[in-house]
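Hello,

Here is the structure I promised to hand over to you. Please keep it open beside this email while you read.

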Amino acid sequence: PEQTLALIKPDTVEEHKDEILKAIQDAGFSILHMMAVCLSQADIEKLYRKLQDKPFFNQLVDFMCSGPCMALILSKFRAVHEWRAMMGPTDPCQARETAAESLRVHFGKDILHNAVHGSSSSERANEEIHLVFGDVCRE
Ligand code: ATP
Ligand code: MG
């Protein structure tokens, strides 16, 4: 099976963590590790380094630093793709115009506050897992 990094973003953790964890388990993911973590500004900048020239980058960093995230290492066949499919499109508002259910449609507030993060590829997943979990686990 493949691994991916999932984050429940700061504004969503408190209210909806349990529902999201249940949905993850119901979808057949194994949760290999899970921890609440306050990501540093430097970690967020690395996590989203591809977006550093975007006009919303500072807002994104501030938001992701605004409180603890729940970080999870998920394992499943095609975990990267499966988790992104479950998250849904980046913009929950736009996604609500279609019929497709997703975590972001359900729990997201707007394109910035969109409830969850997922790695974009298997390579990125390995980098992001190492970034967030560091020495906590090495497999
Ligand atoms: P993520 O990487 O968090 O899983 P994603 O891959 O769907 O989301 P990216 O393009 O990587 O989307 O953007 C990373 C994050 O930046 C988004 O999840 C969202 O929080 C924020 N973001 C993206 N586009 C915008 C925008 N136009 N305005 C404000 N915030 C945005
Ligand atoms: Mg992304």
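**Around N114**

N114 is found in the loop between α6 and β4, where helices (H or I, at least four residues) and strands (E, at least two) are DSSP runs, numbered from the N terminus. This is a predicted model, in which local features need pLDDT of at least 70 and side-chain atom pairs count only at pLDDT 80 or more, while totals for chains, interfaces and linings use all residues. Residues are numbered from 1 along each chain as its sequence is written, and chains are lettered from A and ligands numbered from 1 in the order in which they are written.

N114 counts as buried because 24 other C-beta atoms lie within 10 Å; a residue is called buried if 20 or more other C-beta atoms lie within 10 Å of its own, exposed if 12 or fewer, and partly exposed in between, with C-beta atoms placed from the backbone. Leaving out residues up to four places away in sequence, N114 touches T90, P92, R104 and G108, and contact here is taken to mean that the C-beta atoms of two residues, placed from the backbone, lie within 7 Å.

**R104, A115 and V116**

R104, which lies in helix α6, is buried, with 25 other C-beta atoms within 10 Å. Not counting residues up to four places away in sequence, R104 touches M87, G88, P89, P92, A95, N114, A115 and V116.

A115 lies, like N114, in the loop between α6 and β4, and its phi is near 80°, a positive value in a residue other than glycine. Most residues other than glycine have a negative phi. A115 has 23 C-beta neighbours inside 10 Å and therefore counts as buried.

V116, in strand β4, is buried as well, with 25 other C-beta atoms within 10 Å. Beyond residues up to four places away in sequence, V116 touches A6, L7, I8, K9, M87, L103 and R104. V116 and T12 are 104 residues apart in sequence, and in space they are 8.0 Å apart, C-alpha to C-alpha.

Which residues of helix α4 (residues 79–87) are buried? They are A79, V80, W83, R84, M86 and M87. Seen down the axis of α4, these buried residues fall within an arc of 160°, so they line one face of the helix; the arc is that of the directions from the helix axis to the C-beta atoms. What covers them includes β1 (2–8), β3 (69–76), α6 (103–107), β4 (116–118) and α7 (122–133).

On either side of α4 there is a residue with a positive phi: R78, in the loop between β3 and α4, has a phi near 55°, and G88, which follows α4, has a phi near 90°. R78 counts as partly exposed because it has 13 C-beta neighbours inside 10 Å.

The largest nonpolar core has 28 residues, and those with the most contacts inside it are L5, L7 and L74; a nonpolar core is a set of buried Ala, Val, Leu, Ile, Met, Phe, Trp, Tyr and Cys residues joined through C-beta atoms within 7 Å. At least two residues of this core come from each of β1, α1 (10–26), α3 (57–64), β3, α4, α6 and α7, and β3 gives the most, with six residues. Leaving aside its neighbours within four places in sequence, L74 is in contact with Q3, T4, A6, I24, F29, I31, A79 and W83.

With best wishes
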